Amino acid sequence: MEARPLILVSPFIASLLSLLLLALCTPWFNIWENAFSDLGRIENGLTAVVFNGLVSTTGAILLVYATSVARPLAAPYRALLVLGGYSLTMIGVYPEDYGRLHFYVSLVFFLASIAYMVVHAMETSVEGAVIAALGLVNLGVWTAHFASNFPPGAAVPELVSLVSMLATLARDLGKTASGQS
């Protein structure tokens, strides 16, 4: 992989690594039992401030990317990135303490991420088909979580979604960096 796409996705890699580090440094957090948003509950003090700031900042960076760096991408991709970036920002603004509102902005973020990957099915490339399949895998992981409470916490489906979205974003930003779209 070229250096430029890696540089373009480095803020997202740093965000994901920071999220994982925060989870590892929080003694009560269990990746199987919890959702990452549990870290953002106001009762968690500094952990909540760090988590919610990290999530909101990452969402804002995604908005900037969607409206500038990703301009060469087709409109459906950019629209889904804008929706995803905005809803990710709102996850940090409305932590779990906000109940349903937090659930809805989280749902919009993960559905926009899945849709972003599935839209790649419009492409005729093998890469496009693989990315669309990643989106369907994400949908399956979330369906298993909601339908059968497997796993009981949302952190595993969240992590699957975040890593596959990061891979998709890296591929798409790599295409824009090399002049393809």
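**Salt bridges**

I started with a search of the whole structure for salt bridges, and it turned up five. I keep in mind that this is a predicted model.

I went to R41 and looked up its partners. One is D38, where the closest N and O atoms sit 4.0 Å apart. The other is E96, with 2.5 Å from N to O. I then asked myself which parts of the chain the pair of E96 and R41 ties together. E96 lies in the loop between helix 3 and helix 4, while R41 lies in the loop between helix 1 and helix 2, so the contact joins parts 55 residues apart in sequence.

R41 comes out as partly exposed, because its relative accessible area is 34%. D38 is at 12% relative accessibility, so I put it down as buried. E96 has a relative accessible area of 19%; the limit for buried is under 20%, so E96 goes down as buried too.

I moved on to E123 and R171, whose side chains meet in a salt bridge at 2.8 Å, N to O. This pair also links distant parts of the chain: E123 is in the loop between helix 4 and helix 5, R171 is in helix 6, and 48 residues separate them. Is E123 buried or exposed? I noted 18% relative accessibility for E123, which means it counts as buried. R171 is buried as well, with a relative accessible area of 12%.

**The cavity**

Rolling a probe the size of a water molecule over the atoms shows where empty space is left. How many cavities of 30 Å³ or more does the structure hold? I got one. The largest cavity has about 410 Å³ of space. Helix 1, helix 2, helix 3 (75-93), helix 4 and helix 6 (155-177) are the elements that give two or more residues to its lining.

I listed the lining of the largest cavity and got 21 residues, with L19, T58, L88, F109 and L162 nearest the centre. Sorted by class, the lining of this cavity has 16 nonpolar, four polar and one charged residues.

**The pocket**

I then turned to the largest pocket, whose volume is about 360 Å³. Its lining runs to 18 residues, and I wrote down F103, S106, W142, F146 and A154 as lying nearest the centre.

Which element gives the most to the lining of the largest pocket? My tally puts helix 4 there, with seven residues. Helix 4 (100-118) and helix 5 (126-148) each supply at least two residues of this lining. By class I noted 10 nonpolar, six polar and two charged residues for the pocket.

**The loop between helix 5 and helix 6**

I went through the backbone of this loop. The peptide bond from F150 to P151 is cis, and I read omega near -5°. P151 is placed in the loop between helix 5 and helix 6.

N149 is in that loop too. I noted its phi near 55°, a positive value in a residue other than glycine. With 47% relative accessibility, N149 falls in the partly exposed class.

Which residues make the patch of about 250 Å²? I found L6, I13 and L17. L17 is part of helix 1 (residues 3-24). I looked up its exposure: the relative accessible area of L17 is 52%, and exposed means over 50%, so L17 counts as exposed.

My last stop was V49, which I placed in helix 2 (residues 46-69). V49 is exposed, because its relative accessibility is 59%.

Methods: Residues are numbered from 1 along each chain as its sequence is written. This is a predicted model: local features need pLDDT of at least 70, side-chain atom pairs count only at pLDDT 80 or more; totals for chains, interfaces and linings use all residues. Side-chain values use heavy atoms; hydrogens and water are left out. Patches are made of residues with over 30% relative accessible area and no salt bridge: like charges are joined within 9 Å, nonpolar side chains (Val, Leu, Ile, Met, Phe, Trp, Tyr) within 5 Å. Accessible areas come from the Shrake-Rupley method with a 1.4 Å probe; for residues, only the protein chains shown count as cover. Helices (H or I, at least four residues) and strands (E, at least two) are DSSP runs, numbered from the N terminus. Buried means under 20% relative accessible area, exposed over 50%, partly exposed in between (1.4 Å probe, protein chains only). On a 1 Å grid over the protein atoms alone, a cavity is a set of points where a 1.4 Å probe fits but cannot get out, and a pocket is an open set with protein on both sides within 12 Å along at least five of seven lines; lining residues have an atom within 4 Å of a point. Grid points are joined across faces, edges and corners, and a volume is the space filled by probe spheres set on the points. Ala, Val, Leu, Ile, Met, Phe, Trp, Tyr, Cys and Pro count as nonpolar, Asp, Glu, Lys and Arg as charged, and the others, Gly among them, as polar.
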